[in-house]
2 protein chains.
Amino acid sequence: MSELTLKGQQAKAAALVLSQAKAKVKNEALQALSVSLIANTTMILEANEKDLATAAENGIRDAMLDRLRLTPERIVDIAEGVKQVATLADPIGEVTHMWKNEAELTIGKQRVPLGVIGIIYESRPNVTVDAAVLCFKTGNATILRGGSEAFHSNLALVRVIRDSLASSGFPADAVQIVEDTSRETAQQLMKLNAYLDVLIPRGSARLIQTVLEKATVPVIETGTGNCHVYIDSEARQDMATKIIVNAKASRPSVCNAAETLLIHEAVAHEFLPSIIAQLRAENVEIRGDELVASIVSDVILATELDWETEYADYILAIKVVSGTDAAIAHINKYGTKHSEAIVTDNYFTSQKFLQQVDAAAVYVNASTRFTDGFEFGFGAEIGISTQKLHARGPMGLNELTSTKYIIYGEGQIRE
Amino acid sequence: MSELTLKGQQAKAAALVLSQAKAKVKNEALQALSVSLIANTTMILEANEKDLATAAENGIRDAMLDRLRLTPERIVDIAEGVKQVATLADPIGEVTHMWKNEAELTIGKQRVPLGVIGIIYESRPNVTVDAAVLCFKTGNATILRGGSEAFHSNLALVRVIRDSLASSGFPADAVQIVEDTSRETAQQLMKLNAYLDVLIPRGSARLIQTVLEKATVPVIETGTGNCHVYIDSEARQDMATKIIVNAKASRPSVCNAAETLLIHEAVAHEFLPSIIAQLRAENVEIRGDELVASIVSDVILATELDWETEYADYILAIKVVSGTDAAIAHINKYGTKHSEAIVTDNYFTSQKFLQQVDAAAVYVNASTRFTDGFEFGFGAEIGISTQKLHARGPMGLNELTSTKYIIYGEGQIRE
C-alpha cells in the first residue's frame with residue numbers, strides 16, 4: 001500500500017471520530033497543544049536548524065530563509081494562535097435554517113465538517129500548525145504536504161501535534177504529513193479522490209496553477225491578487241493618497257496589496273505629483289502610461305505586461321483613465337478578482353463600482369489591505385479564495401465546513 | 001479561434017450584462033420565453049423528429065427513445081416550468097449578512113452570479129431549457145453541451161431561447177450551445193478555465209466520472225445515489241413497509257430511490273416476509289444475504305457487488321444487521337452520501353443516525369424519495385450535489401450563486 005493510500009484510510013477513520021467530537025473537548029485539546037508547542041521549543045528549533053543549514057548550503061536567498069526560520073518568539077506566536085482558535089465558536093452542528101415543506105417534513109440545514117482536507121504548501125512552517133489547527137477545530141482530518149525545504153521543521157511540528165492530540169484522547173491521525181516530498185507523491189495527493197474531500201494549495205502562483213491543472217480532488221484556489229485602487233474625479237486628495245500608499249507600501253509581498261493605481265484624468269495632473277512623491281518616499285518604483293510620464297519625471301513606461309502583473313514588490317503601475325466605466329473595464333479585464341477599491345465622494349459612482357466590479361472584496365474609500373480573515377473579524381484564516389465556488393474571499397472556520405440536511409418525518413412517503 | 005474560445009468570450013461578455021440585470025426585467029424575459037416555446041412547438045417537434053429517426057435507426061432502446069421524445073404536452077410542461085421560474089424570488093443582490101469590523105468598516109456579504117456556467121448532459125432535451133432558464137434567472141451565462149443524440153432538438157430549443165432573450169433586450173449569448181458534439185470538444189470545455197466559472201455534469205455515472213477526471217474547471221458533482229433505508233428494532237412495521245416500498249418502487253430510475261434495505265436482526269423474521277411480498281407485488285427483485293434467504297424463499301444471494309451498486313431498477317438488496325451501529329457503518333462504507341433513512345420510534349437511535357450518517361440528506365421516518373429541489377421547497381432544481389464543496393444535496397437558485405464582500409469605508413487604512 002502506498003504512503004498516501006494508508007494515510008488516506010487513516011485520515012478517513014480519524015475524520016469520523018472528529019466529526020462527532022464535542023466542541024469543549026476539541027477546545028481543551030487545542031489548549032493542551034498550545035502548551036505542548038512551547039514545551040517542545042528546543043526539539044522544534046533543532047529540526048528547524050537542519051532545514052536552515054540545508055537552505056543556506058543551497059544558497060537560498062535571505063527573504064526565503066527568513067520565512068523558513070523559527071525562533072522561540074515565533075513558536076510563542078504560533079502557540080498563541082492555537083489558543084485563540086480554541087476560544088472561537090465552533091461552527092459544527094449549527095442548523096443555519098430549518099423549515100417545514102409541503103409534506104410536513106421538518107428540514108434543517110446543518111453545518112458538518114468537510115471530512116478530510118489536503119493542504120499543499122511551501123516554505124513557512126507556521127502554516128503546518130495553522131492549517132492543522134483550523135481543520136481540527138472544524139472536525140476535519142488533515143493531510144499536510146509541505147515543501148521539502150521545511151521538511152524537518154514540519155515533521156517536528158506534526159510530531160508535537162499528533163502526540164498532543166493523542167494525549168487528549170483524539171486519534172493521532174487527525175493530522176498527518178506526507179513524508180515523501182517527491183513531485184510524484186504530490187501529484188498522487190492531487191488525485192486522492194477516494195480519501196480527500198478538498199485540497200487547498202497555499203503558496204506561489206506556480207504551485208496553485210499546478211494544483212489547479214493536475215488535481216481531480218475539488219480544489220479551493222487561493223491567493224493571487226492583482227489588486228487595483230481607482231481614484232475617481234470626486235475623490236479627496238488626502239484620503240486617496242493615504243489609501244494608495246497603504247494599499248501599495250504597507251506590505252507589498254501580500255496578495256491584498258495594490259499593484260495598479262487607476263486615476264481619473266480630471267484629477268491626474270493635480271494629484272499625481274504628490275501621490276508619486278509619497279510613494280517614492282516609501283521606495284516604490286513607478287511604471288506609468290504616457291500621460292503619467294508626461295506629468296511626473298523618471299516614470300518607467302508601463303507595458304501590457306505591467307497591467308497583468310502581481311509584482312508583490314515595491315513597484316506600482318499607474319494608468320490614467322477617462323472615468324469610472326474605463327476603470328471598471330480595466331479591473332474586470334486585468335484583475336484576479338481579489339480586492340478592488342474606489343476612492344470617491346460620489347454616491348452613485350460608489351454604487352456602480354460596488355455592483356460592477358467582479359471581485360471577492362470591493363471597497364469604497366478603504367485600503368485593499370483589509371481583505372483578511374482576522375481583519376474581517378472571522379478570528380482565523382485558512383487562505384483567501386479567488387474562485388467563486390464554495391467560498392470567496394477570506395476563509396475562516398465556516399468555510400471549512402459543508403452542510404447536510406437533517407429531516408424529521410412522521411412516516412411520510414412521496415406521492 | 002476555436003468554437004469554444006469564441007463562445008467563452010461571448011459568454012463572458014453576456015455574463016457581465018446579466019449580472020447587472022434587474023429581477024423584474026429577467027422575469028419578463030422568462031415569461032416571454034414561455035410563450036415563445038409554445039409558439040415554436042411545430043419547429044421544435046420537427047427537429048425532435050430528426051433525432052428520434054436517427055435514434056431509431058441506431059436501434060436505441062425504448063426507454064431512451066422516451067427520454068428523447070418531445071410532444072406538444074411536454075413542450076407545454078417545459079413552458080410551464082419556465083413560467084414558474086419567473087415567479088421565484090431572485091437571490092441576486094441579497095446581502096445575507098452585514099457587520100462592522102474593528103476598523104469600523106461596514107462589510108456585507110452579497111449574493112452575486114457565478115458568471116459562466118457550463119452544463120454537460122445527455123439525452124433529455126428538457127434539460128436544455130431547464131438549465132438555461134435557472135442560470136439566466138440567477139444572472140449567469142450558460143454554455144450547454146448536450147448529447148449528440150438530442151442534437152437537433154437542443155439546437156432548436158436554444159434557437160428559441162436565444163431569439164426570445166434577444167427580443168427581450170438581452171444578449172443572445174446569454175445561452176449558447178456547443179455545436180461540435182465531438183468528444184474532443186467536450187474535453188476542451190472541461191478545461192475552459194479562462195471562461196467557465198463552474199461545470200455541472202448531468203447524466204450517467206460514467207459521464208460524471210469522466211468530467212471529474214478530466215475537468216480543470218471547478219465541477220459540481222451530481223447524481224449518483226446508492227441510498228439505504230434502515231429499519232430499526234423499534235420501527236413500526238406498517239410505517240417501515242410503506243417507506244421502503246415507496247423508496248424503492250415509486251420510481252426506481254431516479255437517484256433518490258433506495259438500493260439497499262438494512263434491517264435489524266430483532267425484527268427481520270417478523271417484518272421481512274410481508275415487506276418482501278409487498279415489494280414483489282411491485283415487481284421488485286430481491287437480493288439478500290444468507291439470513292434473508294433463510295427467512296424468505298426465492299431470494300437471490302447478494303454479493304459484495306450488490307452492496308455497491310446503484311441498480312436504478314426494480315431490484316433491492318437486503319441485509320440483516322446487528323443494530324444501528326452496524327447499519328451506520330454499512331452506509332458510511334457503501335453509500336454515495338446521497339440520501340439515507342432510518343425508521344425508528346427511538347429518540348436516541350434517531351439522533352445517532354442523523355449525526356453519524358455522512359450523507360447530503362438524512363431522514364428519520366420518511367422516504368429517501370423526498371431529496372429533490374421541488375420537494376424541499378426551493379421551487380427549482382439544477383441537480384443534486386453529492387460533493388461537499390459549495391453545495392450539498394438538492395441545488396436550487398441559491399446554489400447557482402457566489403458571493404462578494406462589499407465594503408463601505410470612510411478612508412480607513414490598515415495599520
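Before I look at any sheet: two strands pair if DSSP finds at least two bridges between them. Strands are DSSP runs of E with at least two residues, helices are runs of H or I with at least four, and both are numbered from the N terminus.

I'm working on a predicted model, where local features need pLDDT of at least 70, side-chain atom pairs count only at pLDDT 80 or more, and totals for chains, interfaces and linings use all residues. Residues are numbered from 1 along each chain as its sequence is written, chains are lettered from A and ligands numbered from 1 in the order in which they are written, and side-chain values use heavy atoms, with hydrogens and water left out.

**Entry 1: hairpin in chain A.** I started with β1(A) and β2(A), which run antiparallel and are joined by five bridges. I looked up A:M98 and found A:G108 as its bridge partner in β2(A). The two strands form a hairpin with five residues between them. In the turn, A:E104 has a positive phi of about 70°.

**Entry 2: onward from β2(A).** Next I followed β2 (residues 106-113) of chain A to β16 (residues 401-412) of chain A, an antiparallel pair with eight bridges. Here A:V112 has A:S402 in β16(A) as its bridge partner.

**Entry 3: the sheets.** In which order do the ten strands of the open sheet that holds β1(A) run? I read it as β1(A)-β2(A)-β16(A)-β13(B)-β12(B)-β7(B)-β8(B)-β11(B)-β9(B)-β10(B), with mixed pairing. At its edges stand β1 (95-100) of chain A and β10 (300-301) of chain B, each with a single partner strand, so one side of each has no neighbour in the sheet.

I also noted an open sheet of ten strands, again with mixed pairing, in the order β10(A)-β9(A)-β11(A)-β8(A)-β7(A)-β12(A)-β13(A)-β16(B)-β2(B)-β1(B). Its edge strands are β10 (300-301) of chain A and β1 (95-100) of chain B, each pairing on one side only. Inside that order I checked β7 (residues 227-231) of chain A against β12 (residues 339-343) of chain A: they pair in the parallel sense over four bridges. A:H228 stands opposite A:E340 in β12(A).

I then went through its partners. β7 (residues 227-231) of chain B pairs with β8(B) in the parallel sense over five bridges, and B:Y230 has B:L262 as its bridge partner. β11 (residues 315-321) of chain B pairs with β8(B) in the parallel sense, also over five bridges. On that side, the bridge partner of B:L262 is B:K319.

**Entry 4: helix pairs in chain A.** I looked at α2 (residues 23-39) and α6 (residues 126-137) of chain A, whose axes come within 10 Å and cross at roughly 160°. That makes α2(A) roughly antiparallel (over 145 degrees) to α6(A). For axes I use lines fitted to C-alpha atoms, for helices over the stretch in contact, with angles from 0 to 180 degrees between N-to-C directions.

For α14 (residues 324-334) and α15 (residues 347-356) of chain A I have an angle of about 20° and axes 11 Å apart. These two are therefore roughly parallel (under 35 degrees) to each other.

Entry 5: I looked up A:N283, which has a positive phi of about 70° although it is not a glycine. A:N283 is found in the loop between α11 (265-281) and β9 (285-288) of chain A. With a relative accessible area of 63%, A:N283 is exposed (over 50%). In chain B, B:K337 has a positive phi of about 60° and is not a glycine either. B:K337 lies in the loop between α14 (324-334) and β12 (339-343) of chain B.

Notes
Parallel < 35°, antiparallel > 145°, perpendicular 65-115°, else oblique. Buried < 20%, exposed > 50% of the residue type's maximum accessible area, 1.4 Å probe, protein only.
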